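Here is a short tour of the structure shown below. Have it open beside you and follow along topic by topic.

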Amino acid sequence: MVHILTRQNSIANHFLAELRNIEVQQDRMRFRRNLERLGEIFAYEISKTLTYEPMEIETPLGVAETSLIHEQPVLATILRAGIPMHQGMLNVFDHADCAFVGAYRKTKKSGTFEIRKEYVSSVGLDNRTVILVDPMLATGRTAVLTCKDLLDEFAIKSLFIVSAIASEEGIAHVQAFLPQVQLWVGDVDSELTSKAFIVPGLGDAGDLAYGVKE
Ligand SMILES: O=c1cc[nH]c(=O)[nH]1
């Protein structure tokens, strides 16, 4: 299932427009903050789909009845570009556990690349709801590889992938290899460059947030 934020008009359109805008995105702090604000919106939207249980809250004047999230999700993030959106989701799911995955593209002489995954630091994920943050879902290969490894190691209860911008190809790849995943994306673009950058996209999210890597 794919949920696309921009299918409905909301303030999220403004955050995405600023992320894409070649001038506004030069303000690195604003770029990171816009990713963080999108993360906050995704967390709020996803919170509506989680399981709640009735609770009684003691106030100074009586007892209020409400429903609270049964179990906080685990926020898993692909370093480094995922960090700002991760923080946004953590601002909302403020009791969440976290997992971090170091994955990157290793470009070969032929110009093609392979995904290298070298670092994983995670709480136990058995029977947990896991939300993977990958801000740019280009080919979808990094997200699929990461999720497959996590699914092999743990009996994950439910899995979400959250991306600011996804390509049509990336979405198709996730749906083909991880049909059980719920995808939440800000917007969907139709093209990928030969180096697997999303077009129109926004450029290199990691470089824009943290500086151009060598
Ligand atoms: O367009 C893209 C694709 C992958 N990663 C990015 O930062 N941008």
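Helices (H or I, at least four residues) and strands (E, at least two) are DSSP runs, numbered from the N terminus, and two strands pair if DSSP finds at least two bridges between them. With that in hand, a hairpin joins β2 to β3 through four residues. This is a predicted model, in which local features need pLDDT of at least 70, side-chain atom pairs count only at pLDDT 80 or more, and totals for chains, interfaces and linings use all residues. Residues are numbered from 1 along each chain as its sequence is written, and side-chain values use heavy atoms, with hydrogens and water left out.

**The hairpin**
- Strand β2 covers residues 52-58 and strand β3 residues 63-69; the two pair in the antiparallel sense over seven bridges.
- Within this pairing, E53 of β2 stands opposite L68 in β3.

**Around the ligand**
- The ligand has R105, M136, A138, A196, F197, I198, G203, D204 and A205 around it (a residue is near a molecule if one of its heavy atoms lies within 4 Å of it).
- Six residues of this shell are nonpolar, one is polar and two are charged (Ala, Val, Leu, Ile, Met, Phe, Trp, Tyr, Cys and Pro count as nonpolar, Asp, Glu, Lys and Arg as charged, and the others, Gly among them, as polar).
- A backbone N or O atom of I198 lies 2.8 Å from an oxygen atom of the ligand.
- For A205, a backbone N or O atom is 2.7 Å from an oxygen atom of the ligand.
- For G203, the backbone N or O atom lies 2.7 Å from a nitrogen atom of the ligand.
- The ligand exposes 230 Å² when taken alone, and the protein buries 89% of that (areas come from the Shrake-Rupley method with a 1.4 Å probe).

**Cis peptide bonds**
- L79 and R80 are joined by a cis peptide bond, with omega about 0 degrees; R80 is in the loop between β4 (74-79) and α3 (83-92).
- V199 and P200 are also joined by a cis peptide bond, with omega about 5 degrees; P200 lies in the loop between β12 (198-199) and α6 (205-210).

**Positive phi values**
- N127, a residue other than glycine, has a positive phi near 60 degrees, and its place is in the loop between β6 (113-122) and β7 (129-133).
- A196, which is one of the residues around the ligand, has a positive phi near 65 degrees and lies in the loop between β11 (191-192) and β12.

Key
Polar contact = N/O pair within 3.5 Å; in protein donor to acceptor, adjacent residues only side chain to side chain.
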